[in-house]
Amino acid sequence: MKVRFNSVVKVLGVAAALACASTASAQSAGQFTAKVGLNQLTPKVESGDIGAPALPGSKGDVDRDIQPVLVLAYGLTDNISLETALGTPYKHKIYGAGAIAGTGQLGTVEALPATLFAQYRFGAPTATFRPFVGIGATYAYFMKERGSAKMTAITNPGSGVPTTFSIDNKFTYTAQLGMAVNFTEKWFADVTLNKARLRTDVHFSTGQTQHMKLDPVSVILAVGYKF
């Protein structure tokens, strides 16, 4: 995945160089755009403790993931647009932290954070470089939660019954900051930074619970086309 992500960075660098020598028509009122790229989603985890009989200070951590993404937008005016993304679920590995750091992988979960953004794009529609900001409504949906034998050993030591778990789905909001570079009348590239406020709870089949502050940050590098 790292190689693919770096390749997109190089493509966007070439696009930016072309932009300097081209006239461009940025997104304007009534215009649809579509872009494809890669999204790296990194949870910024602050974990609560798993309840007894787990050791005091038993916390969790969540690994990042990179997935392809298709982003669609529509210009309501020359400066205001709506944007949403389509893609495959992000597959995250869950590890022990705190008192159980170093125990290895405790489980996996897939997440699908669906967001509808309202954006403001600075500058005129003819601008080559066009920064934008946005705020979005997000529904974080979790699925396919799977625990490991290590999770069972921590949450229910001595038991032969595997521990299962579920994570609460949540409505929240996401802030957005980005820069679009138009390098022909129809083609453009952009980089987008999104940060969500996401707190949720984990429920174990043993009756234990755990509060998680996830607050994921996503970085999207994409190339798009204006219809």
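Predicted model: local features only at pLDDT ≥ 70, side-chain atom pairs only at ≥ 80, totals over all residues.

The dialogue below takes up strands, a pocket, a few single residues and some backbone angles.

Colleague: How do I read the pairing of strands, and over how many bridges do strand 4 and strand 5 pair?

Modeller: Strands of a sheet pair through backbone hydrogen bonds, either parallel or antiparallel. Strands here are DSSP runs (E, at least two residues), numbered from the N terminus, and two of them pair if DSSP finds at least two bridges between them. Strand 4 and strand 5 pair in the antiparallel sense over seven bridges, and they form a hairpin with four residues between them. Within this pairing, Leu70 stands opposite Leu86 in strand 5. Strand 5 is also joined to strand 7 by five bridges, and these two run antiparallel, with Ser81 having Gln119 in strand 7 as its bridge partner.

Colleague: Which strands does strand 11 pair with?

Modeller: Strand 11 pairs with strand 10 in the antiparallel sense over 10 bridges, and it pairs with strand 14, again antiparallel, over nine bridges. Strand 10 and strand 11 form a hairpin with four residues between them, and Asn182 stands opposite Phe188 in strand 11. On the pairing with strand 14, the bridge partner of Ala189 is Val223.

Colleague: What is the strand order of the open sheet of four strands?

Modeller: The open sheet has the order 2-13-12-9, with antiparallel pairing. Its edge strands are strand 2 (46–47) and strand 9 (165–167), each of which pairs on one side only. Strand 9 is joined to strand 12 (residues 199–204) by three antiparallel bridges, and Phe165 stands opposite Phe204 in strand 12.

Colleague: How should I read a pocket, and what volume does the largest pocket have?

Modeller: On a 1 Å grid over the protein atoms alone, a pocket is an open set of points where a 1.4 Å probe fits, with protein on both sides within 12 Å along at least five of seven lines, and lining residues have an atom within 4 Å of a point. The volume is the space filled by probe spheres set on the points, which are joined across faces, edges and corners. The largest pocket has a volume of about 420 Å³ and is lined by 29 residues, of which Asn39, Ala85, Pro113, Ala114 and Thr115 lie nearest its centre. Among the strands that each supply at least two residues of this lining are strand 1 (32–42), strand 7 (105–121) and strand 8 (129–147).

Colleague: Is Thr174 buried or exposed?

Modeller: Buried means under 20% relative accessible area, exposed means over 50%, and partly exposed lies in between (1.4 Å probe, protein chains only). Thr174 lies in strand 10 and counts as buried because its relative accessible area is 5%. The side chain of Thr174 makes a polar contact with that of Thr138 at 2.6 Å, where a polar contact is a pair of N or O atoms within 3.5 Å, one able to donate a hydrogen and the other to accept it, and residues adjacent in sequence count only if both atoms are side-chain atoms.

Colleague: Where does Asn194 lie, and which side chain does it meet in a polar contact?

Modeller: Asn194 is in strand 11, and it is buried, at 8% relative accessibility. A polar contact of 3.4 Å joins the side chains of Asn194 and Gln176.

Colleague: How do I read backbone angles, and which residues are joined by a cis peptide bond?

Modeller: Most residues other than glycine have a negative phi, and most peptide bonds are trans. Here a cis peptide bond, with omega about 15 degrees, joins Ala52 and Pro53, and Pro53 is found in the loop between strand 2 and strand 3 (58–62). Lys144, which is not a glycine, has a positive phi of about 50 degrees; Lys144 lies in strand 8 and is partly exposed, with a relative accessible area of 46%. Asp215 also has a positive phi, of about 35 degrees, but Asp215 is found in the loop between strand 13 (209–213) and strand 14 and is buried, with a relative accessible area of 8%.

Note on methods. Residues numbered from 1 in each chain as written. Heavy atoms only, no water.
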